[in-house]
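The following note sets out points for a colleague to consider while viewing the structure.

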Amino acid sequence: MTVAEPAHVVILGGGIFGTSAAAQLARKDVRVTLVTESALASGASGRSLAWLNAAWNWPAPYFAIRMAGIDRWRTWATRHADAARYLRFTGGLMWADEADGESLRDLFATERERGYDAQWVGRDRIAEVAPGVDPAAVAEEGAIFNPGEGWVDLPSVIALLAEEVVSRGGSVLERAGTSRPIVEHGRAVGVRTAGGEEVRGDAVLLATGPSVPGQLSELGIEIGTSSPPAFVAFTAPVDTALDTTLNTPHVAIRRTVDGGLAMDSGWSERSIEVREDGSLHIPDAVVTRLLDEARRVLAGHPHLQLARIGSGYKPVPADGEPVYGRIDEVPGLYVAFSHSGATQGLIAGELLADEIATGSVSPLLSAFRPGRFASPA
Ligand SMILES: Cc1cc2nc3c(=O)[nH]c(=O)nc-3n(C[C@H](O)[C@H](O)[C@H](O)COP(=O)(O)OP(=O)(O)OC[C@H]3O[C@@H](n4cnc5c(N)ncnc54)[C@H](O)[C@@H]3O)c2cc1C
């Protein structure tokens, strides 16, 4: 379908999806206004492990968009002179929980079949491919090393994307409070800020991370969500040679721009307590154990000092796969809601901008339409 190009698109949410789509629209000379509740990158994008990958046994469409996502980050890396500060393709290392009898041999075979760059490395080669890792911490069977993977500091990228939006004539409205799409006569016509200011436009992109399903529900549209509470622990700078992203049975780790480490894990995420008032409480013992798990896998077992915790809900659709594109029931309204938004941030923004500007849907997005959650009539 082709539509008249919107003259003004209002984007709600200053995370990676919102800013990426805003910059792409601005590059097409579409006027954009980005509205966000607090500072840019104050949501999931500011507390993400941000491991760039297409690992695991994903269905083919999800694998394809993740690979395209990595491709766009590589292009970004070659076009931004100081990108190495916040975006690195230093590979990913993953090993199984042998105490639980797990093995990564099947996953390795799948990755190789798909053409994903995967190498099987024994403990004797760990120091060569992933300096800074203690080989003794690695499973006896060895590990998968994916040299094409990397990590990104999303707040650095979001700041650059927002600068680009402004330099191309767009506007960025931070600290607008809890804002909502305005729907009139069944059509999205802008965004109303917490203070009642109305930003009117011809199309609205809802990119409010874990808040997307609740905001759509207010409009009578249900998309399934299973966004869990999550946290990432950030350490002070650490003296370690580690620059490979690690995905180990009890902790996942990457470097940070200031020379520290960022880490999370499934078990620590499940230990978060949700209090009656809805606030999240992370027991000290959980943080201490997470830091210990990280220390254990690092060569020399350096002391790790907690610098800060980033906590909040992780955007995850109910079926685990992205939700991108037009809301059929509300003309003019579009949505971006997904986990792995670090990996997909640039490609999703690019393809959503194409859809909003032209009405045509990339085949890469066709498996991820919001309409799949609609109940059959
Ligand atoms: C712990 C954790 C680990 C992760 N690890 C990885 C990983 O290894 N690899 C990977 O690819 N991805 C990972 N992700 C996922 C990735 O970080 C997210 O998918 C991505 O950041 C989502 O971006 P977003 O723009 O949708 O949302 P957000 O970054 O949450 O941005 C939404 C913005 O909207 C604003 N907002 C919300 N509601 C309103 C409102 N009503 N009015 C105005 N503004 C509003 C928020 O303040 C926020 O700034 C991880 C996420 C978490 C939390």
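1. For the classes used below, Ala, Val, Leu, Ile, Met, Phe, Trp, Tyr, Cys and Pro count as nonpolar, Asp, Glu, Lys and Arg as charged, and the others, Gly among them, as polar. In this predicted model, the shell around the ligand comprises 14 nonpolar, 20 polar and 4 charged residues.

2. The ligand has 38 residues around it, of which Gly15, Gly43, Ser48, Gly209 and Gly341 come nearest. At least two residues of the shell are supplied by each of helix 1 (16–27), strand 14 (229–235) and helix 9 (341–358).

3. The protein chain is divided into domain 1 (8–46 + 154–226 + 318–373) and domain 2 (92–147 + 228–311). Their centres, taken over C-alpha atoms, are 31 Å apart. Both domain 1 and domain 2 give residues to the shell around the ligand, so the ligand lies between them.

4. Strand 21 (residues 323–326) and strand 22 (residues 333–337) run antiparallel and are joined by 4 bridges. Val323 is placed opposite Phe337 of strand 22. The hairpin formed by strand 21 and strand 22 has 6 residues between the strands, and Gly332 takes a positive phi near 90° there.

5. Asp258 and Pro237 are 21 residues apart along the chain, with 6.3 Å between their C-alpha atoms.

Note on methods
Residues are numbered from 1 along each chain as its sequence is written. This is a predicted model: local features need pLDDT of at least 70, side-chain atom pairs count only at pLDDT 80 or more; totals for chains, interfaces and linings use all residues. A residue is near a molecule or strand if its C-beta atom, placed from the backbone, lies within 6 Å of it. Domain bounds come from an automatic or database domain assignment. Two strands pair if DSSP finds at least two bridges between them.
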